[in-house]
Amino acid sequence: MTELTRTLPASWYCNEPLYKMERRAVFLKSWYLLGPVTRFQKVGEHADYEIAQQPIYAVRLSGETLNPVAEELKVFHAKTVYLDGEQSLKVPAHIADPKKPDDGLFLYFFPNCTLNVYGGGMSSFRVCPTADPQVTRMEFDYYHLAEGEKFEEYFKFVRQVAMEDFELCEKAQDNLAKGVYHEGILNPEKENGVSYYQQRVFQMVCEQHAADRASKQNGESVSKDQVTPSLVQMEA
């Protein structure tokens, strides 16, 4: 029998030193999908973001067309993915029912963003960790070709789905904090995306831990939020 993939330990969602290492290992080294270029239709238009306590500022500096190209935008303090509707990106994709293309298309951008096309519209959300490892901020954007009643109908539907997930996440986090749940088993067919995500996070955190330990042994300065070797080994 093939060995089943287990989830990350519950403590990874509650432990502050581990979060700080995860922040440096994953969030400060990743690319982010901030949003559509249609947000910057005029020179000078800008937007502020914050991901993992890292402020991000995007602004349009030049150009005369309605939708700017990459050279006309400037983003400070972050790696970003530029999307103009024509660029092709290799990202994990899932269609709810391959025999029904209109059933839904779900794209995931590691480590914290999704694009979901279903219900007649498109939505995206960013998962932004806060300084408290038990609190996460969700940022949603909704798009639809229609306005008025059609958009409101779509918005009501997708918000209902989001709020149902919100309640489930709150209950799960409460169980994690209370020690009710330690770790579980992932379905190799239905949860292979979750398995990949958690294994990737685990790998990046271990690599960061090894780099920090090597720096310390060489007498180099390391971040104050470095976790101890025993903690990573134990939690892994």
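Biologist: Which residues does Tyr49 touch, not counting residues up to four places away in sequence?

Modeller: Tyr49 touches Leu34, Arg39, Phe40, Gln54, Pro55, Ile56, Ala58 and Arg126. A contact means heavy atoms within 4.5 Å. This is a predicted model, in which local features need pLDDT of at least 70 and side-chain atom pairs count only at pLDDT 80 or more, while totals for chains, interfaces and linings use all residues. Residues are numbered from 1 along each chain as its sequence is written, and side-chain values use heavy atoms, with hydrogens and water left out.

Biologist: What makes Ala52 count as buried?

Modeller: Buried means under 20% relative accessible area, exposed over 50%, and partly exposed in between, with a 1.4 Å probe and protein chains only. Ala52 has 0% relative accessibility, so Ala52 counts as buried.

Biologist: Why is Gln53 called partly exposed?

Modeller: Gln53 counts as partly exposed because its relative accessibility is 29%. Ala52 lies in the loop between strand S2 (46-51) and strand S3 (54-60), and Gln53 is placed in the loop between S2 and S3. Helices (H or I, at least four residues) and strands (E, at least two) are DSSP runs, numbered from the N terminus.

Biologist: What is phi in Ala52, and what is phi in Gln53?

Modeller: Ala52 has a positive phi near 55 degrees, and Gln53 has a positive phi near 65 degrees. Most residues other than glycine have a negative phi, and most peptide bonds are trans.

Biologist: Where is a cis peptide bond?

Modeller: The cis bond joins Phe110 and Pro111, with omega about 10 degrees. Pro111 sits in the loop between strand S7 (105-109) and S8.

Biologist: How many residues has the largest nonpolar core?

Modeller: This core has 23 residues, and Tyr49 and Ile51 have the most contacts inside it. The elements that give it two or more residues are helix H1 (16-25), S2, S3 and helix H3 (192-217). H1 gives the most, with 4 residues. A nonpolar core is a set of buried Ala, Val, Leu, Ile, Met, Phe, Trp, Tyr and Cys residues joined through side-chain atoms within 4.5 Å.

Biologist: How do you know what span is expected of helix H2 (residues 149-178)?

Modeller: The expected span is 1.5 Å times one less than the number of residues. H2 has 30 residues and reaches 44 Å from its first C-alpha to its last, close to the 44 Å expected.

Biologist: Which residues of H2 are buried?

Modeller: Tyr154, Val158, Ala162, Gln173 and Leu176 are buried in H2. The buried residues of H2 pack against strand S8 (113-118), strand S9 (121-129) and strand S10 (136-143).
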